Amino acid sequence: MAPRHLWQYGSFMASISPVRHAFAHAPWSRAAWRDTVFAVSGVPLQFAGWTILGLPWTLWTPVNVTPILFLTGCTIVLALLVMVPLTSAQRERFWAMLGLDVPPLPGLEGRRWWNTPRDLRVPGLWRVLRYHLLIGPMLAFGGLLTCATWAAGVLLAGIGTYAWALPDTSVFSLSTHAIRIGLLTALGVLLLLAAPWVAAATRNLDARAALALLGPDRAEELERRVEDLAEKRASVVDAADLERRRIERDLHDGAQQRLVSMAMNLGLARETLTGVPDEAMRVIVEAHEEAKEALTELRNLVRGLHPAVLEDRGLDAALSGVAARVPVPVRLSVRVEPRASSTVEAVAYFVVSETLTNIVKHARATAVDVEVARTGDVLGLKVVDDGVGGADPAGGTGLLGLARRVRSVDGTFRIASPAGGPTTVTVELPCAL
Amino acid sequence: MRIVIAEDSVLLRAGLIKLLETSGFEVAAAVGDADALLAAVREHRPDAAIVDVRMPPGFTDEGVRAALVMRRESPEVAVLLLSQYVEERYAADLLSTNTSGVGYLLKDRVADVAAFLDALRRVAAGGTALDPEVVSQLLLRRNRGPLDRLTPREREVLGLMAEGRSNAGIAAALVVSESAVAKHINSIFAKLDLPHAEGDHRRVLAVLHFLGGDT
């Protein structure tokens, strides 16, 4: 059964018509029995808290102050001790009977009894106590009421049969008390119809109370979730970065070496073969040139993935290599001290090299200014070109991909590119992920 | 001429050995990492070493580091670094020590067999061979001030000089006469305030010193 949450109950209720709603809670329905069993099963657990706490006092009722204080202390320790097993028992009950997953309260779950004093610092402990000692007993009365309603309903609805079975001479015969018996039977039927609703109400209140008091607080839960997601995203970003490095390494060790070797062999053949027919020589020459072009293309591709020099000497060295490959004059200023994390460096490298590629492709610029500077925990990048402007992030996938990669490390990406230029790309990357 | 090869790709190592041996070089040793390279150089005292930049264990710049150690330990052994990518920063490291007998080329250049062997001979003879890509990176990084005074043609000549080419080589590349090249070079030296030097090689050193120097 998939875990369900309270809001799903709400929408479930709202989505069906009143008639079907009534049928859903008919005394013979599966829901009625489920709710009844659930409500009744709660009774022992919900009384357990007070029963256990009251036990020492019934066994020994002291009259002096010191023993009373001692026993009070014992009771408090006992209360803390039973909270953990009681809570897990309740969670089990919700899961087994309703398929409702009450999230565990972090810090309370999996505790051993010797950890108990530390439980006082668990922020939700007082909510848990409230459930077991205050709300729980009230809900137990709901369970008892469910029981009582069913019992009274069955008894009263069956009263006619009972009266019918009695001899006519008895005081309580069908003939003498027909109206009374009719009314009582009707009341019994009404109680039978009402019993599932009592059970459902108890179940509903219990589920709400358990989610609110036994599970983590909503705000805390969201906070935890944000932390969790941030952590997960960071690991995804790191994994993607690692993967790029792996691909770069694989290409470097595999395809590139093979291509170099092939180009070298073709070069050797071209230089040393004599007496080859012109036709054959032309094929060799073509193959040689193509192998060299493939090498250049592969080199440019692979260096864009993750240059080894970035890892080794940092952004300044890697970017000066990029700037030098661009046919437009680039003024480069890099001041990153101390170095940022390798993931942030990789993003910064990617942003600058992609932006420069874009400029070469579209901007028709005659000069580019690249500034990379770390101020505190922020790595700022600024790329300004004197090209034609009009770059639109919505227009192509290039800028979008850039913005996306920047956002993947919680950075900000801004581009100002009025028609006629100049275009300014400003990126800020937090160095501490 | 005796050569030591350090290249971790078995395929390429075999290819280089074949290439060198067919071209009349003697391969004294061929190894797969930096430590083995330093040991082989100490043992065989070759004329030159061909060194891959990226080698085990770290696969980053082991070759550059090993080359710097070799420059210090055995300056008479020429070093030709090969790399899948040329990085201006590595070049600056290499040129900061001693620019004679140093080469730094893209691995792709081995495909142009004649040019590659020419570069190897030049380096082994105490000259320099820098990849055009390195040179363009050096020209970019260099403080623009003095370079802006050069004409486009003079910048071309400066680039070719920085690659380690002789006057004749430059003249052939630009399809001009050697005397025209000499005139350009004089003008470059005047504009960059470089000390006047005679002979191909010393001029190259002056240019590299100028490009590799700080600011």
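Helices (H or I, at least four residues) and strands (E, at least two) are taken here as DSSP runs, numbered from the N terminus. This is a predicted model, in which local features need pLDDT of at least 70 and side-chain atom pairs count only at pLDDT 80 or more, whereas totals for chains, interfaces and linings use all residues. Residues are numbered from 1 along each chain as its sequence is written, chains are lettered from A and ligands numbered from 1 in the order in which they are written, and side-chain values use heavy atoms, with hydrogens and water left out.

Chain A contains 14 helices and 5 strands. Of its 433 residues, 41% are buried, where buried means under 20% relative accessible area, exposed means over 50%, and partly exposed lies in between (1.4 Å probe, protein chains only). If a contact is taken as heavy atoms within 4.5 Å, then 69% of the contacts in chain A with a separation of 6 or more join residues 24 or more positions apart.

Rolling a probe the size of a water molecule over the atoms shows where empty space is left. A cavity is a set of points, on a 1 Å grid over the protein atoms alone, where a 1.4 Å probe fits but cannot get out, and its lining residues have an atom within 4 Å of a point. Grid points are joined across faces, edges and corners, and a volume is the space filled by probe spheres set on the points. By this rule there are 2 cavities of 30 Å³ or more.

The largest cavity has a volume of about 100 Å³, and its lining draws on both chains, including A:H252, A:A308 and A:V309 together with B:D52, B:R54 and B:Y85. This lining divides into 5 nonpolar, 4 polar and 3 charged residues, with Ala, Val, Leu, Ile, Met, Phe, Trp, Tyr, Cys and Pro counted as nonpolar, Asp, Glu, Lys and Arg as charged, and the others, Gly among them, as polar. The second largest cavity holds about 30 Å³, and among the residues that line it are A:F38, A:R93, A:L139 and A:D206. Helices α3 (30–59) and α8 (178–213) of chain A each supply at least two of its lining residues, and α3(A) gives the largest share, 4 residues.

Which residues pair their charges? A salt bridge is a side-chain nitrogen of Lys or Arg within 4 Å of a carboxyl oxygen of Asp or Glu, and 38 of them are counted over all chains. A:E289 and A:K292 form one, with the closest N and O atoms 3.7 Å apart; because these residues are 3 apart in helix α10 (residues 278–305) of chain A, about one helical turn separates them. A:E289 is partly exposed at 32% relative accessibility, whereas A:K292 is buried at 18%.

In the salt bridge between B:D108 and A:R299, the closest N and O atoms are 2.3 Å apart. This pair crosses between chains, from the loop between β5 (102–106) and α5 (113–124) of chain B to helix α10 of chain A. B:D108 is buried at 7% relative accessible area, and A:R299 is buried at 6%. Finally, a network of salt bridges links A:D312, A:R313, B:D61, B:R65 and B:D93.

Technical notes:
1 Å grid on protein atoms, 1.4 Å probe; cavity = no way out; pocket = protein on both sides within 12 Å on 5 of 7 lines; lining within 4 Å.
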